[in-house]
Amino acid sequence: MTARTCAACDCELDGTAIKIKLGGNTVEVCCEACARALNEADASISTDAHVREG
Ligand SMILES: [Zn+2]
(Lines give C-alpha, C1' and ligand atoms only; values in the text may rest on other atoms or scores of the structure.)
Protein backbone atom coordinates (compact mmCIF):
# COMPACT_ATOMS: atom_id res chain seq x y z
CA MET A 1 0.00 0.00 0.00
CA THR A 2 1.39 3.33 -1.02
CA ALA A 3 0.63 6.91 -0.14
CA ARG A 4 -1.70 8.64 -2.55
CA THR A 5 0.15 11.01 -4.75
CA CYS A 6 -0.77 13.27 -7.64
CA ALA A 7 -0.49 11.45 -10.96
CA ALA A 8 0.82 14.59 -12.61
CA CYS A 9 3.20 16.31 -10.21
CA ASP A 10 3.72 13.50 -7.68
CA CYS A 11 2.96 15.56 -4.61
CA GLU A 12 1.04 14.03 -1.72
CA LEU A 13 -2.72 14.15 -1.89
CA ASP A 14 -5.02 15.20 0.90
CA GLY A 15 -8.81 15.19 1.11
CA THR A 16 -9.12 17.53 -1.85
CA ALA A 17 -7.77 15.12 -4.44
CA ILE A 18 -9.49 15.18 -7.82
CA LYS A 19 -10.30 11.91 -9.54
CA ILE A 20 -10.09 11.79 -13.32
CA LYS A 21 -10.46 9.09 -15.92
CA LEU A 22 -7.32 8.44 -17.87
CA GLY A 23 -7.14 5.76 -20.51
CA GLY A 24 -9.74 3.63 -18.74
CA ASN A 25 -8.10 4.02 -15.35
CA THR A 26 -9.06 6.38 -12.58
CA VAL A 27 -6.20 8.45 -11.25
CA GLU A 28 -6.04 11.16 -8.64
CA VAL A 29 -4.46 14.57 -8.95
CA CYS A 30 -3.93 17.44 -6.52
CA CYS A 31 -5.54 20.22 -8.48
CA GLU A 32 -7.47 21.12 -11.61
CA ALA A 33 -4.33 22.21 -13.43
CA CYS A 34 -2.85 18.75 -12.99
CA ALA A 35 -6.12 17.13 -14.09
CA ARG A 36 -6.10 19.19 -17.26
CA ALA A 37 -2.45 18.44 -17.90
CA LEU A 38 -3.14 14.71 -17.76
CA ASN A 39 -6.30 14.95 -19.82
CA GLU A 40 -4.51 16.90 -22.51
CA ALA A 41 -1.66 14.44 -22.52
CA ASP A 42 -4.10 11.55 -22.82
CA ALA A 43 -5.99 13.30 -25.60
CA SER A 44 -2.81 13.82 -27.58
CA ILE A 45 -1.96 10.15 -27.15
CA SER A 46 -5.45 9.03 -28.15
CA THR A 47 -5.38 10.99 -31.38
CA ASP A 48 -2.08 9.43 -32.30
CA ALA A 49 -2.25 6.29 -34.42
CA HIS A 50 0.37 4.74 -32.20
CA VAL A 51 -1.56 3.54 -29.14
CA ARG A 52 0.30 2.08 -26.22
CA GLU A 53 -1.01 0.21 -23.24
CA GLY A 54 0.35 0.38 -19.73
ZN1 LIG B 1 -0.49 17.77 -8.95
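**A zinc site in a predicted chain**

The chain has one helix and two strands, where helices (H or I, at least four residues) and strands (E, at least two) are DSSP runs, numbered from the N terminus. This is a predicted model, in which local features need pLDDT of at least 70 and side-chain atom pairs count only at pLDDT 80 or more, while totals for chains, interfaces and linings use all residues. Residues are numbered from 1 along each chain as its sequence is written, and side-chain values use heavy atoms, with hydrogens and water left out.

Student: What pattern does the chain follow, read along the sequence?

Tutor: The strands are β1 (18–22) and β2 (25–29), and the helix is α1 (32–46). Read along the sequence, the pattern is therefore β-β-α.

Student: Which residues are the protein donors of the zinc ion?

Tutor: Donors are N, O and S atoms within 2.8 Å of the metal (3.2 Å for Na, K and Ca), and sites may look incomplete because water is not among the atoms. Here the SG atoms lie 2.3 Å from the zinc ion, and their residues follow the spacing C-x2-C-x20-C-x3-C. The donor residues are C6, C9, C30 and C34.

Student: Which parts of the chain does the pair C9 and C30 tie together?

Tutor: C9 lies in the segment before β1, and C30 lies in the loop between β2 and α1. The pair therefore ties together parts that are 21 residues apart in sequence, namely the segment before β1 and the loop between β2 and α1.

Student: Is C9 buried, partly exposed or exposed?

Tutor: Buried means under 20% relative accessible area and exposed over 50%, with partly exposed in between (1.4 Å probe, protein chains only). Because its relative accessibility is 41%, C9 counts as partly exposed.
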